[in-house]
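Open the model in your viewer and keep the selection panel at hand. The stops below go one selection at a time.

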Amino acid sequence: MEEVSKEVKNFLEKCEELKKCKFIMAPTKIKDLLKAIVGSRTLYDLFSSVSSGFDYLAAKSRCLVDLSGGYSGRGAVVLPSAARDKLAFIFCLLVEIDRDSINFNRFLQKYFSDDGSFYASYCAFCEQLIEPLESVIRSVFKKELDDGEADLLPPDVQSEDVGGLNENQNVPSAQASGMLSVIWLLIAQEKQYILESAIPADDKETGYKMLTEIYKALKDKNFDVANSLVNGYNYYILYNNAISPGVQTLFENIESFEGAV
């Protein structure tokens, strides 16, 4: 319990650093925040759980709202109401910003424009995205932060199929857990590459779902299914001429994970 509290406090400290830093340092602080998730088994399990099956493409269309009617380029961010969807959306958005799939400057100016300055836009970004992220995490781990015992998920996050947090679920070794967390981030990055590619919208959804199922199969140690999906995904990216810079690294990490488990 003490270790969980330490990891969560470290994550919250990274959130505070992001909120207090100068705008120019934001990309570095976002990267540090994501590293705090990957470096914590508990936080990794939580974000993996809420992201599993989460339709980020559909969420973006709902949450990133165009207020301009196509004229001024103004927009707004409307977060999902459910805690698990809120966590998943903010996490995926931060991953997208971290890998430069989203131009951070233009994103701030469009969705958090106030007086036209980057300073004001960045303050609004932290207020509308980072503070809600902190709030949910503090709620999830309230008792751990108070050095007590608590459920790992609030009511609207709990479900029978939440992966990585159920007491009866098999817990992988520390090495395997670390490898799986790397694969999880690589898949998140691959998803964003597909979403930003020139592939037709319907085909983007196919690739996105394949990547989701690859991760699920690996987590369940169903390697026959995982290998079939990887082969299918390999054909998919070749057919669509959508080979990302990181896909080879993803395939190599999947192969290493299967050999280590």
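Predicted model: local features only at pLDDT ≥ 70, side-chain atom pairs only at ≥ 80, totals over all residues.

The expected span of a helix is 1.5 Å times one less than its number of residues.

**Whole chain.** Of the 261 residues, 48% are buried. Among contacts between residues at least 6 apart in sequence, 69% join residues at least 24 apart.

**Helix α1.** Select residues 2-20, which form helix α1. From first C-alpha to last, the 19 residues of α1 reach 27 Å, close to the 27 Å expected. Now show side chains for Val4, Ser5, Glu7, Val8, Phe11, Leu12, Lys14, Cys15 and Leu18, the buried residues of α1.

**Helix α3.** Select residues 41-51 for α3. This helix is mostly covered, with 10 of its 11 residues buried. The buried set runs through Thr42, Leu43, Tyr44, Asp45, Leu46, Phe47, Ser48, Ser49, Val50 and Ser51. After α3 comes Gly53, with a positive phi near 80°.

**Where α3 meets α7.** How do the two helices cross? Angles from 65 to 115 degrees count as roughly perpendicular, so α3 and α7 are roughly perpendicular to each other. The crossing is right-handed. For the contact itself, show Leu43, Leu46 and Phe47 on the α3 side, and Leu133, Ile137 and Val140 on the α7 side. The residues of this contact divide into six nonpolar, no polar and no charged.

**Helix α10.** Select residues 201-219, helix α10. Its 19 residues should span 27 Å at 1.5 Å a residue, and the end C-alpha atoms lie 28 Å apart, which agrees. Colour the buried positions of α10: Lys204, Gly207, Tyr208, Met210, Leu211, Thr212, Ile214, Tyr215, Ala217 and Leu218. Finish at Lys221, which follows α10 and has a positive phi near 60°.

Note on methods
Residues numbered from 1 in each chain as written. Heavy atoms only, no water. Axes fitted to C-alpha atoms, helices over the stretch in contact; angles between N-to-C directions. Helix = DSSP H or I, 4+ residues; strand = E, 2+ residues; numbered from the N terminus. Parallel < 35°, antiparallel > 145°, perpendicular 65-115°, else oblique. Left-handed = near helix turned anticlockwise from the far one by under 90°. Contact = heavy atoms within 4.5 Å. Nonpolar A, V, L, I, M, F, W, Y, C, P; charged D, E, K, R; others polar. Buried < 20%, exposed > 50% of the residue type's maximum accessible area, 1.4 Å probe, protein only.
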